[in-house]
Amino acid sequence: MKKLLLILVALVLVSCKSSYLSSKKSAVLLDINQEKDDNTFVNLKNYSRDFVFDMKYATADNFLKEQVYPCDECFLRVKTIKALLQANQAFIEKGYRIKLYDCYRPLAIQKKMWKIVPNPTYVANPKKGSIHNKGGAVDITLVDSLGVELNMGTGFDFFGPEAGHNYTDLSAEILANRQLLKSIMLQYNFKSFDSEWWHYNLNNSATDEVSNLKWRCED
Ligand SMILES: [Zn+2]
C-alpha cells in the first residue's frame, strides 16, 4: 500500500513538472546557440534584453477583454528564437527593434479565441491549431530608438481588411513601415500571413506538434 502511495505521489510530481513551463529567469543571459535541441520551448527573456515586451494577453487589453496569461512571458521553440534574434539584430542595425505582442499560446487559449472569432481569416481553428500553439509564430511590430511604435495603419488584432498585406489604400509611410518589417522577417526565415501585418510564422513550423503547456510566474 505504502509503495503504491509513493508511486502515485511520484506520478503526480512528474506530471505537474511536465505540464508547466518554467518562467524562472536565468541570472545571466544565456546563449541560444548552446541549446542542444532546436525544438525545446524556452523563454526569450533569458537570451536577449534587446526586445520590447507588450504581451497583450497578459493584460485585459485584447479582443478577449480578459487577461488569459498569468504573466508576460514569451516562450518559443529554440529554432524560432534563433531566427528572431537574428532578425532583431538586423532591425537594430537600422535603428529599430522588435516589440512583441504574442509568442507561444497554449491550445486552451486558442479554443477561447475561436469561440469569440470563429473565422479562420483571423483566428486559427483549434482543431488544426495555430502556429502560435506550436511555438513557431510571433505577433510583432517595430519601435524606434525612443521606443515609439511605427505606424502600421491599424492596431494589433484589428480584424478587418485594412490589417492585411494586400490592402494598399494606406499612406506611403505606413506601407514602407510594413514593408520594412516584412522584408527583414522574410530574410530571416519567417513568412508573413496575408490578413495580419503583425503575424509571422517560422518556415516549416506547421508540422510541429501543438502544445498546451501553461506557465507559472516566477522571477
Ligand atoms: Zn499571430
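Student: What covers the buried residues of helix 4?
Tutor: The cover includes helix 2 (78-93), strand 6 (137-143), strand 7 (190-193) and strand 8 (196-202). Helices (H or I, at least four residues) and strands (E, at least two) are DSSP runs numbered from the N terminus. A residue is buried if 20 or more other C-beta atoms, placed from the backbone, lie within 10 Å of its own, exposed if 12 or fewer do, and partly exposed in between. Please keep in mind that this is a predicted model, where local features need pLDDT of at least 70, side-chain atom pairs count only at pLDDT 80 or more, and totals for chains, interfaces and linings use all residues. Residues are numbered from 1 along each chain as its sequence is written.

Student: Okay, which residues of helix 4 are the buried ones?
Tutor: In helix 4, the buried residues are Asn 177, Arg 178, Leu 181, Ile 184 and Met 185. They sit on the same side of the helix, because the arc they cover around its axis is only 140°, an arc being taken over the directions from the helix axis to the C-beta atoms.

Student: And which residues are exposed on the other side of helix 4?
Tutor: There you find Ala 172, Gln 179, Ser 183 and Gln 187 exposed. If you follow the chain past the end of helix 4, you come to Asn 189, which has a positive phi, near 75°.

Student: New topic: which residues does the "binding site" annotation cover?
Tutor: According to an unreviewed UniProt entry, the "binding site" annotation covers His 132, Asp 139 and His 199. Its positions follow the numbering used here, feature names are shortened, and such annotations may be inferred rather than shown by experiment. These three residues span 68 residues in sequence, but no two of their C-alpha atoms are more than 9.6 Å apart, so they gather at one spot.

Student: Is Asp 139 buried or exposed?
Tutor: Asp 139, which lies in strand 6, counts as buried because it has 23 C-beta neighbours inside 10 Å. Apart from neighbours within four places in sequence, Asp 139 is in contact with Tyr 101, Asp 102, Phe 156, Trp 198 and His 199, where contact means that two C-beta atoms, placed from the backbone, lie within 7 Å.

Student: What about His 199, where is that?
Tutor: His 199 belongs to strand 8 and is also buried, with 24 C-beta neighbours inside 10 Å. Its contacts, again leaving aside neighbours within four places in sequence, are Ala 137, Asp 139 and Phe 193.

Student: Where is Cys 103 found?
Tutor: Cys 103 is in the loop between strand 5 and helix 3 (107-116), and with 27 C-beta neighbours inside 10 Å it counts as buried. Not counting residues up to four places away in sequence, Cys 103 touches Leu 44, Cys 74, Phe 75, Leu 76 and Val 138. Val 138, counted in that way, touches Leu 84, Leu 100, Cys 103 and Tyr 200.

Student: Last one: how many helices and strands does the chain have?
Tutor: There are four helices and nine strands, running α-β-β-β-β-α-β-α-β-α-β-β-β from the N terminus on. Along the principal axes, the C-alpha atoms of the chain fill a box of roughly 75 × 40 × 30 Å. Of its 219 residues, 28% count as buried, and among contacts with a separation of 6 or more, 70% are between residues 24 or more positions apart.
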